[in-house]
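Today I opened my notebook to look up sulfur links and ring pairs. Come along and check each entry with me.

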Amino acid sequence: MAPKLALAAALALPALTTALPTRDGGMSAFIVGGEKASAGDFPFIVSLSQSGSHFCGGVLLNANTVLTAAHCSVDTEASSVKVRAGSLKWASGGTQVGVSSITVNPAYDENTISNDVAVWQLAQSIEEGSSIGYATLPQDGSDPAANSTVTVAGWGLLQENGSDLPADLMKVSVPVVSRQKCRSQYGQDAITDTMFCAGLEEGGKDSCSGDSGGPIVDESGTLVGLVSWGQGCAEAGFSGVYARLGALLDFINENVSGSGDGTTPSTPVKPPRPSRPGKFQYF
């Protein structure tokens, strides 16, 4: 049971090429069973990169703030990473800026991957435009309904044993799985109330490594979760697991810049590196 690891600078730095675990500890992949996203589908999605290589997804909340997974953020120095917005390609186009601070949810649990959310403050503002927009957060306490359709996007691998990043943003739609059913798949204690699950019983469609921290939206386009973890990628009988943002709004709202002058970064809080890797790559 590993979070959805991101394929980071592994492609650019040979010394890192061995660290690509999936949710089940094997080699990982990206969006599985999906299709290329079109311009305007996810105007708020961003690519997080280090040393020129994508390692996680994220979401623009406003001109100064990106939301991503906590497991993408632990042990990550703000000065070492970049954020690219406004492009369907992780490696080019759009606008790329630096990061001034990273704040990991202090309630993040490295063992259960619960409360898997972090806020990044940007060193330069990213304004809305023809290809850039800001995500809409869900209502406090909201919980995606079982069997409703949600859509996840990212630059993760295309198959579980893949090794190459897709150049273009991918997306896939899957049904929400009830928490009761998901607990029957993973165990009663594995799926906490700050998580929800989505996927097909027969497998074949899922997020995967490189997608961590990226968005999953409901049919109205509301951001309901972030890619977090799961068993392998698109495996039959195992749903993908996502951070449930309706249960995490207190932390998010407390750390989003923009209510004031948007220039004061929050204090980095970095818990230990999780024992179970997610759909991202550790550096």
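**Entry 1: disulfides.** I began with the rule that a disulfide is a pair of cysteine sulfur atoms within 2.5 Å. I also noted that this model is predicted. My search turned up three disulfides.

I looked at C208 and C233 and found their sulfur atoms 1.5 Å apart. The link of C208 and C233 is right-handed, with 65 degrees about the S-S bond. C208 sits in the loop between β11 and β12, and C233 in the loop between β13 and β14, so this pair ties together parts 25 residues apart in sequence. I found both C208 and C233 buried.

Next I took C56 and C72, joined with an S to S distance of 2.1 Å. Their torsion about the S-S bond is about -80 degrees, so I wrote down left-handed. C56 counts as buried at 0% relative accessibility, and C72 counts as buried at 1%.

Then I checked C182 and C197, at 2.0 Å S to S. This disulfide is left-handed too, because its torsion is about -80 degrees. C182 lies in helix α1 and C197 in strand β11.

How are the bonded cysteines paired in sequence order? I noted 1-2, 3-4, 5-6.

**Entry 2: rings.** I searched the whole structure and got five aromatic pairs. One of them is F55 with W120, a tilted pair 6.5 Å centre to centre, with 35 degrees between the planes. F55 belongs to strand β4 and W120 to strand β8, 65 residues apart. I found F55 and W120 buried.

Last, I saw that ring pairs link Y186, W229 and F238 into a cluster.

Terms used:
Residues are numbered from 1 along each chain as its sequence is written. This is a predicted model: local features need pLDDT of at least 70, side-chain atom pairs count only at pLDDT 80 or more; totals for chains, interfaces and linings use all residues. Side-chain values use heavy atoms; hydrogens and water are left out. Rings of Phe, Tyr and Trp (its six-membered ring) pair if their centres lie within 6.5 Å; planes under 30 degrees apart count as stacked, over 60 as edge-to-face and the rest as tilted. Helices (H or I, at least four residues) and strands (E, at least two) are DSSP runs, numbered from the N terminus. Buried means under 20% relative accessible area, exposed over 50%, partly exposed in between (1.4 Å probe, protein chains only).
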